Amino acid sequence: MLSELIAGNAERDPKFLALSGDHGYALFDAIRQRRPGQFVNVGIMEQALVGIAAGLAKTGHRPLVYGLAAFVPLRVLEQIKMDVCFTKLPVIFVGDGAGLVYSTLGSSHQCGEDVAALRPLPYIRIYAPCDDYELQASFEEAMAYAGPAYIRVGKSDRPVVNQRPLPDTLAHFTHQPESVADTCLVSMGSMTAVGHAAGVEHGLPHLSVFRLKPFAENAIGLLSSFQRIIVLEEHSRYGGLASSLTDAFIDAGVAVPRVQVLSLQDHFAEHCGSYQYALSEHQLSDADVQQRLRGLMNLS
């Protein structure tokens, strides 16, 4: 889906350019075949990559910057702040492989702090889609926005959650049982498929929130009737979905319900292994989440 979104936008807009820091060759096969002049492999120099994108945006181009999330945005945070956000330039950043999916490459390639790093920067929009439909909605809104945007993408090959295209980036229930519940599961990105499956198993509503800044404006209304919210995110609990959610309650002047967070823990990877193993070091593997949720259900 991302490959087609990039190639399709290049075909529709001659000012659209895709820039890569020597990553994602297969991803860019379509644009290189159909619009080769609108793809630029800058090479392994991410800070210069952002500076080049900023310069192109100032001359009327519509650049997209692609990299691994551990490098875009983490390695280039200062350049995003001063070269792009300071002048509110319309540059889209795609951070691929977010979370722990690059498990065997260790902490240097794992990224659980990208959303937290970007949220304080003025003007930037932040998205964390879970599947192609949420990615499409995020990409289209980012393209329509006259400022910077970050799209957080994982490569964990989770099951598709949504069954049809989404009209916008508002929060939406992927599972909403007929029975009344006092607890709602809330997730973003790669944990959305896990949260959806858990909602089906436990008979709980599950809400997908994939626009984190500005926070999906309908989310608080959908959640205000619940006594407890359980957040699932493959991100640090500091500055990610849980923080965005509680901040949104505070900004809305609505009492914050009880919030419990299943997230990446406050430590780096200790060993290398599979993706599920890496998650297990944070008690966030599929099996860990199931066990922890069962325990939380017994406490309700």
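These legends describe close-up views of a predicted model.

**View 1. Phe28, Phe39 and Tyr66 form one aromatic cluster.**
A search of the whole structure finds two aromatic pairs. In one, the ring centres of Phe28 and Phe39 are 4.7 Å apart. Their planes stand at 35°, so this pair is tilted. The pair links distant parts of the chain, 11 residues apart. Phe28 sits in the loop between strand E1 (16-20) and helix H2 (29-34), while Phe39 belongs to strand E2 (residues 39-41). Both Phe28 and Phe39 are buried.

Phe28 also pairs with Tyr66, and that pair is edge-to-face. Here the distance is 5.4 Å centre to centre, with 90° between the planes. Tyr66 lies in strand E3 (residues 62-68) and Phe28 in the loop between E1 and H2, so the pair ties together parts that are 38 residues apart in sequence. Phe28 has a relative accessible area of 0%. Tyr66 comes to 2% relative accessibility and counts as buried, because the cut-off is under 20%.

**View 2. An open sheet of seven strands shows mixed pairing.**
The strand order is E2-E1-E3-E4-E6-E5-E10. E2 and strand E10 (211-213) stand at the edges. Each has a single partner strand, so one side of each is left without a neighbour in the sheet. On average, neighbouring strands of this sheet are turned by 20° against each other, direction ignored.

**View 3. Strand E5 (residues 125-127) runs antiparallel to E10.**
Two bridges join E5 and E10. Tyr127 has Arg211, in E10, as its bridge partner. Arg125 makes a contact of another kind: Arg125 lies over the face of Tyr145. The distance from the ring centre of Tyr145 is 4.1 Å.

**View 4. Strand E8 (residues 183-187) is mostly covered.**
Five of the five residues in E8 are buried. In a regular strand, side chains alternate between the two faces of the sheet. In E8, both faces are covered. Thr183, Leu185 and Ser187 are buried on one side. Cys184 and Val186 are buried on the other.

**View 5. E8 pairs in the parallel sense with strand E11 (residues 228-236) and runs parallel to strand E9 (residues 206-208).**
Five bridges connect E8 with E11. Within this pairing, Val186 stands opposite Val231 in E11. Three bridges join E8 to E9. On that side, Ser187 stands opposite Ser208 in E9.

**View 6. Ser285 occupies the loop between helix H10 (275-280) and helix H11 (286-299).**
Ser285 is buried, with a relative accessible area of 7%. Neighbours within four places in sequence are left aside for the contacts shown. Ser285 is then in contact with Gln276, Leu279 and Ser280.

Terms used: Residues are numbered from 1 along each chain as its sequence is written. This is a predicted model: local features need pLDDT of at least 70, side-chain atom pairs count only at pLDDT 80 or more; totals for chains, interfaces and linings use all residues. Side-chain values use heavy atoms; hydrogens and water are left out. Rings of Phe, Tyr and Trp (its six-membered ring) pair if their centres lie within 6.5 Å; planes under 30 degrees apart count as stacked, over 60 as edge-to-face and the rest as tilted. Helices (H or I, at least four residues) and strands (E, at least two) are DSSP runs, numbered from the N terminus. Buried means under 20% relative accessible area, exposed over 50%, partly exposed in between (1.4 Å probe, protein chains only). A charge sits over a ring if NZ of Lys or CZ of Arg is within 6 Å of the ring centre and within 35 degrees of the ring normal. Two strands pair if DSSP finds at least two bridges between them. Axes are lines fitted to C-alpha atoms, for helices over the stretch in contact, and angles run from 0 to 180 degrees between N-to-C directions. Contact means heavy atoms within 4.5 Å.
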